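Here are a few friendly notes to read beside the structure. Take them slowly, and find each residue as you go.

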Amino acid sequence: MAHKLYFDSVNTRGATLNDGTVTENNESGAFSFADSTSLTDEDKAIDLSLDTAITSWSTATREGDALQFNLGSAKSVNFASIYYTAADTDALRIHYDDAASGVTNELSVFTQDYAVGWNILNFPATYSAQYWIVEAAAGSAVGISEIYFGTALALPIDGNSITTRVPFSSFKSSTYNNTEFTNKIDTELREWTISLPIITEANKTSLELLQTNYSNLYTFVYYDESAYHTVRLAKPFAFNQIATNTYSTTITLKESP
């Protein structure tokens with residue numbers, strides 16, 4: 001797998017939310033979404049604050065509470081990113097549709113251990129739809145406080161293009177009589193510098209969207225082919241045009257605790 005950035009590339013934060021219930025037909029096995037006041041604080045899913053969780057998720061036989069995101073028009077999506085304030089193991093099911101209610105397209109059930117922080121649900125392919133639904137497929141989906149969708153940005157790099165460093169977490173000083181002491185100034189958070197010698201116009205547009213919507217204020221996810229890291233942008237992008245519709249730039253990411 002390539003190095004990837006996972007951020008909200010479809011303006012999930014601008015979506016219209018609708019809580020409801022997904023029901024599985026006993027005979028056909030098809031799933032349908034219907035509006036209902038099933039969840040509490042569902043607006044927290046897109047408020048950019050990670051502290052308050054959506055509550056009242058519940059499941060019953062062939063039925064689960066769900067949250068629908070209306071993106072306004074069909075958008076291409078290949079992952080969902082879900083922030084948990086508490087660890088959980090209850091399964092989630094993702095659906096997509098072109099209509100606000102009725103039979104949905106069931107994408108997949110995700111059964112995994114959800115850790116505190118951002119958790120990435122990678123889809124088997126890229127799908128285009130206006131309505132996206134997150135359903136509690138089992139249990140009570142404890143701790144979900146933020147959700148966004150998008151298309152992961154694969155970075156055109158190899159291992160030689162990345163520098164990782166950990167700044168010192170303390171500094172040394174001394175008194176007039178040369179007595180040394182140390183002060184702790186921060187926690188040891190990694191910083192990645194990623195050189196992109198050749199990117200396309202489409203890559204540049206995606207990075208500009210990331211910078212505009214996130215700046216250094218909000219966290220997203222960086223995948224380094226071995227692990228997912230919660231990060232922020234540490235520096236603005238500077239794009240150098242090296243040919244028609246071709247650029248180079250450097251990405252600097254700061255690990256977020």
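**Notes on rings and cores**

1. Let's start with a group of rings: Tyr 6, Phe 79, Tyr 83, Trp 118, Tyr 148, Tyr 223 and Tyr 228 make up one aromatic cluster. Please keep in mind that this is a predicted model.

2. Now for pairs of rings. A pair is described by how far apart the ring centres are and by the angle of the planes. The count here comes to 17 aromatic pairs. One of them joins Tyr 96 and Tyr 127, with 5.0 Å from centre to centre and 35° between the planes, a tilted arrangement. Tyr 96 belongs to strand E6 (residues 92-97) and Tyr 127 to strand E9 (residues 117-136), so this pair ties together parts 31 residues apart in sequence. Tyr 96 and Tyr 127 are both buried.

3. How are the rings of Phe 123 and Trp 132 arranged? Their planes are at 15° and their centres 5.9 Å apart, so the pair is stacked. Phe 123 and Trp 132 are buried too.

4. Phe 123 and Trp 132 turn up again in the largest nonpolar core, which has 31 residues; together with Phe 149 they have the most contacts inside it. Strands E5 (63-84), E6, E8 (105-110), E9 and E10 (144-150) each give this core at least two residues. A second, separate core has 30 residues, among them Ile 157, Leu 196, Tyr 214 and Phe 220.

5. Finally, look for charges over rings. The charged end of Arg 13 sits over the ring of Tyr 214, 5.4 Å from its centre. Likewise, the charged end of Lys 204 sits over the ring of Tyr 247, at 5.2 Å from its centre.

Conventions:
Residues are numbered from 1 along each chain as its sequence is written. This is a predicted model: local features need pLDDT of at least 70, side-chain atom pairs count only at pLDDT 80 or more; totals for chains, interfaces and linings use all residues. Side-chain values use heavy atoms; hydrogens and water are left out. Rings of Phe, Tyr and Trp (its six-membered ring) pair if their centres lie within 6.5 Å; planes under 30 degrees apart count as stacked, over 60 as edge-to-face and the rest as tilted. Helices (H or I, at least four residues) and strands (E, at least two) are DSSP runs, numbered from the N terminus. Buried means under 20% relative accessible area, exposed over 50%, partly exposed in between (1.4 Å probe, protein chains only). A charge sits over a ring if NZ of Lys or CZ of Arg is within 6 Å of the ring centre and within 35 degrees of the ring normal. A nonpolar core is a set of buried Ala, Val, Leu, Ile, Met, Phe, Trp, Tyr and Cys residues joined through side-chain atoms within 4.5 Å.
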